[in-house]
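Please walk through the structure shown below, from the overall build of one chain to the contacts between individual side chains.

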Amino acid sequence: MKRKALLLLPVAALAVLLPLVAPDPSTTNIAVFTMMYVGLATAWNIMGGYTGYISLGHAAFFGFGAYALGLIMVHLNITPGYGPFFLVPVVGLLTAVLAVGIGWIALRTRAATFVIVTIAFMFMMQLLAENLVKVTGGGGGLGLPYPHDWGGDFFNTPYYYAMLVLAVLGLLTSWWIRRSKFGLGLLAIRDDEDKALAVGVPTRTFKLTAYVISAVLVGMIGAVYAYYVTYIYPQFVVDPLIGISMVLMAFLGGLGTLSGPVIGALLLEPSQLEFAYRFGASRLYLVFYSAIFLIVILLLPRGIVPSVRDLIGRRRTAKGVT
Amino acid sequence: MRKPLSIACVGLGLLLAGCGGSSTAPAAAAPITIGVSVSLTGDFSADGKALEQGYDLWAQDVNAKGGLLGHKVTMKYVDDASSTQQVVTNYQLLINQDKVALVFGPFSSLLTIPASTVTDRYGYAFPEPAGGGPKVFAQGLHSIFFVQPAAVEDNLVSYTKWLLSLPSGQKPTTAAYATQDDPFTQPQVDKAKSLLEAGGVSTASYKVYPAETTDFSSLALQVIHANADVVILGTQEPDAVAFVKAFQQQHYNPKSLIETTGPDQGKDFSDKVGAANTEGIMVPAGWTPDAKAFGNDKFVSEFVAKYGGSPGDISADAAEAYSVGQVVDQAATKANSIDNKALITALHSGTYNTIQGPMSFDSVGKPHSSTGVYIEQWLGGAAKFVYPPNVAAAKPEYPKPNWQ
Amino acid sequence: MGAFAPWFKMTLVLEAAVLGILTGGVYALMASGLTLIFGVMRIINVGQGALVILGAYLSFALFRSWHLDPLLSLVITMPLMFGIGVLLQIVFIRPLKTDREALSVLVTYALALGIEGVLGYVFTSNLVQLRAWYETASFAVFGFHITYVYVFGFLLCLAILGALFLVLYRTSFGGALRATMLNRTAAQLVGVDVDRVSAIAFGIGVATAAAGGVIFGITNAFNPGSHYDLISRLLTIIVLGGLGSLRGAIIAALVMLVTEDITAVVISPVWATFVFFVILIVVLIFRPQGLFGVRVRERI
């Protein structure tokens, strides 16, 4: 346990000091998106990893959070600057209300049907964003006011810290859940839901709670994203690609583990942005990406963290035996 | 509390910028790189290629005469996979990591806006070929310049003028509209609708459809049922083709048909609908291969020499890209500098001659041109300007002949 | 016009309904493969959309090189796609042992991306469309023109689905397939080679994608990126119909397209898909297993 904490310290320090250590805006920009996915993967893992219910529609909450912040800022004439960051928890609350509604319906189904129902809800959200033109601006998009006086070299930094705060919040929540009875209940649901129900675990409430928690985090991250890119469109925030990326990262790193989603995000996001920048023009970028994807899934089906743990564990026992 | 922190950061930033030099002019006659984010994969990728061709041809021409103010130009293209995250990242990387001297804009309105807020922060001029919807200018940024003869919403104004100028026996009485919910197509169609209604043409049908629609048969059905004299469609290429086919299938022959994009894609369009069926279809266009505008003959002949095909195959996107280069070249000459700040100041005044005609820009980047956007019509297998009369290569064909 | 208005609307609605049925047939064809794969292997093939596009491009390539009529090209592309399907199953799906359902989503998604990338490299991302004489030729029925391509597509759908039903209910292989769909372990116990059955079922599912691809490719402009929209529609269709139910996929496809087309003319095109989703959600609230799905404990 102590060893783990010692390992974490330099990582945490780097995370906090990153904008000072590497102030180049192109780096901090990638850091913003990377930290965003660390948070998203961690949040998604709370539902997908612990309960085993795979939601492929979390982008609905991401987009909802993005539009929520945008609409609040536009209609309440919020001056851009540091202020809007404090509206993010409000967006979280609104997302919670939405998640309870959607979750109540979606969680009536299980397994494969649940997966597809979440996708359906995501597309419904996208359609609402597109068609409620008077509210959201529809296909023309919605512009968020942003601080013009922050200057190119500084601009990315506050957003990075906002994403960092949300990612840490997600990690702390995830860590707390694992150590709690609630978390135990979730894992029981993942193993065998009917048995869990039989032994008295309040499965409906637990599932819904996990779903809402993960949705709230995703929604808040979506809000910060919207504020960062300053202009959003329905198909780019209620974006299935964002939804599946967070799932992939959690899987890659290790479903149900704490550090798994973090590692998955740290590996995939910066490399994806850089690859698209350098090789996108050759069109083989997609093939390359999918090949990596397939190799990892087939070789490490449980994800990186559990596989590495197993490897270390086996080495240790081998040493112990000799 | 805020000021000292931001001052410190700006100070740090300036220090680093001084070392990086994003806005200082490179040494005289040193070669420069111009960065562009182009959609080579994803939703908007078909047009990305045409844009590249236009930019490349311009770079070739400008280098042939010694470079941009003596600087040899290299174009650097990066793929944004039609994604906001990537386009934001791309311009940040182009400006801060690759330290390009100048940037040009990406293909669509959708990506232009988030890209423009990034480049504006670094003081870069942002001449762009394709983001001209009202929301682009509503941003109020002073570094953006939409290089086309008119803001997008005015694209159909010429067409409405022509319709309303027809003699009373021929003038249409009803119109049917269908448009994508898209910042490029909808503003034009809406403006045309209000102008035509004011001119006495009543609206038989008006439908807005989602950009993601793939099956247009039921939409076409509604337009057909409206049985209007003229049909005005706010389309991108796929729907432009789909509507034409649906009208053919149902043997529906409006007196006039205009689509906002699609018929201006040259061979790409005529291949898909069939050459005989293009006859009479109209499209707003700022450019045709035989337009008599600055440098157009040269552009067309060089394009065909470099990429093959015939003049009619050239997509308007390539011409728009080329115009961006022309504008920057003239601004640099006028300002005698390729520094972004100087270019921005220069671009806000004066007239610039491009293969799309002469244009000037107001303080938020909206273009103004005495000529505006014209009507192009397919006649005998080739697209020609037909209105206004002073640029027309042929007389407009009305009513549109029936489908083959 | 006033007195005729309701009548006009009625014909418009009827025409929309007919259109919905005809295009529904195409989606039924594409969805049937998807639901079959799920039924046999309990996996969601998120790559089915990409496979449909692949089928469309194969026909396109044959058309471009040899001027082969798209429908005729099926003679080549369907067996070819069958082989591709079997290969994909053996290489990428069979190795998945744990967490099958979840991992298969990711694996098939990766395959979809890979297919998209290869197609993009070979064909570029320009929109293309399959051309044939029956894409615009039509015959009139009460003043409404029905295009031949939809009729052919519908007939093709009936033919293939009919063949599928024959195989399922009249052959011993079909019996083995159905047994595997009902209970994989029990089937194994009675001697069914579930691995072989799975591979062949996947192959069949992909072969139907080829057929769907041809009709889709004639009626829609497509490019390598078109699979996203397609797969989302197919997935919602099979959920409405009931995962694993062939009958359900067909009915659901018709329901989807007819609803959408009627909504488009009665209300507005922008709400067409939304209304379908609402119907889906309502059905799932009362029948989480879909219209024809089987409610098995822990198996919905």
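In chain A, buried residues make up 60% of the 322 residues. The model is a predicted one, and the values given here are computed from it. Chain A contains 16 helices and 2 strands. Its radius of gyration is 20 Å, close to the 20 Å that the globule rule gives for 322 residues, so chain A is as compact as a globular protein of that length. The C-alpha trace of chain A spans about 65 × 45 × 40 Å along its principal axes. Among the contacts in chain A with a separation of 6 or more, 81% join residues 24 or more positions apart.

The surface of chain A comes next. A nonpolar surface patch of about 480 Å² is formed by A:Leu14, A:Val16, A:Leu17, A:Leu20 and A:Val21. One of these residues, A:Leu20, belongs to helix α1, which covers residues 2–21 of chain A. A:Leu20 counts as exposed because its relative accessibility is 60%, and the cut-off for that class is over 50%.

Which residues touch the most other members of the largest nonpolar core? They are B:Trp58, B:Leu68, B:Met75 and B:Phe299, in a core of 294 residues. For B:Met75, the contacts that remain once neighbours within four places in sequence are left aside are B:Ile34, B:Val36, B:Tyr55, B:Asp56, B:Trp58, B:Ala59 and B:Phe104. There is also a second, separate core of 25 residues, whose members include B:Ala220, B:Val223, B:Val244 and B:Trp378.

Charged pairs are the remaining topic. The count of salt bridges over all chains comes to 16. One of them joins the side chains of B:Asp154 and B:Lys191, with an N to O distance of 2.6 Å. B:Asp154 sits in the loop between β5 (144–146) and α6 (157–165) of chain B, while B:Lys191 is in helix α7 (residues 185–198) of chain B, so this pair ties together parts that are 37 residues apart in sequence. With a relative accessible area of 24%, B:Asp154 is partly exposed. B:Lys191 is likewise partly exposed, at a relative accessible area of 27%.

Another salt bridge in chain B links B:Glu237 with B:Lys272, where the closest N and O atoms are 3.4 Å apart. Because B:Glu237 lies in helix α9 (residues 237–249) of chain B and B:Lys272 in helix α10 (residues 267–273) of chain B, the pair ties together parts that are 35 residues apart in sequence. Are these two residues buried or exposed? Both B:Glu237 and B:Lys272 are buried.

In chain C, a salt bridge is formed by C:Glu260 and C:Arg233, and their closest N and O atoms are 2.8 Å apart. C:Glu260 is in helix α10 (residues 246–266) of chain C and C:Arg233 is in helix α9 (residues 227–241) of chain C, so the pair ties together parts that are 27 residues apart in sequence. C:Glu260 and C:Arg233 are buried. Finally, a network of salt bridges links B:Lys245, C:Arg131 and C:Glu135, with members from chain B and chain C.

How values were computed. Residues numbered from 1 in each chain as written. Chains lettered and ligands numbered in written order. Predicted model: local features only at pLDDT ≥ 70, side-chain atom pairs only at ≥ 80, totals over all residues. Heavy atoms only, no water. Patch = residues over 30% accessible without salt bridge, like charges linked within 9 Å, V, L, I, M, F, W, Y side chains within 5 Å. Areas by Shrake-Rupley, 256 points an atom, 1.4 Å probe, with all protein chains shown as cover. Salt bridge = Lys/Arg side-chain N within 4 Å of Asp/Glu carboxyl O. Helix = DSSP H or I, 4+ residues; strand = E, 2+ residues; numbered from the N terminus. Buried < 20%, exposed > 50% of the residue type's maximum accessible area, 1.4 Å probe, protein only. Core = buried A, V, L, I, M, F, W, Y, C linked by side-chain atoms within 4.5 Å. Contact = heavy atoms within 4.5 Å. Rg over C-alpha atoms; globule rule 2.2 N^0.38 Å.
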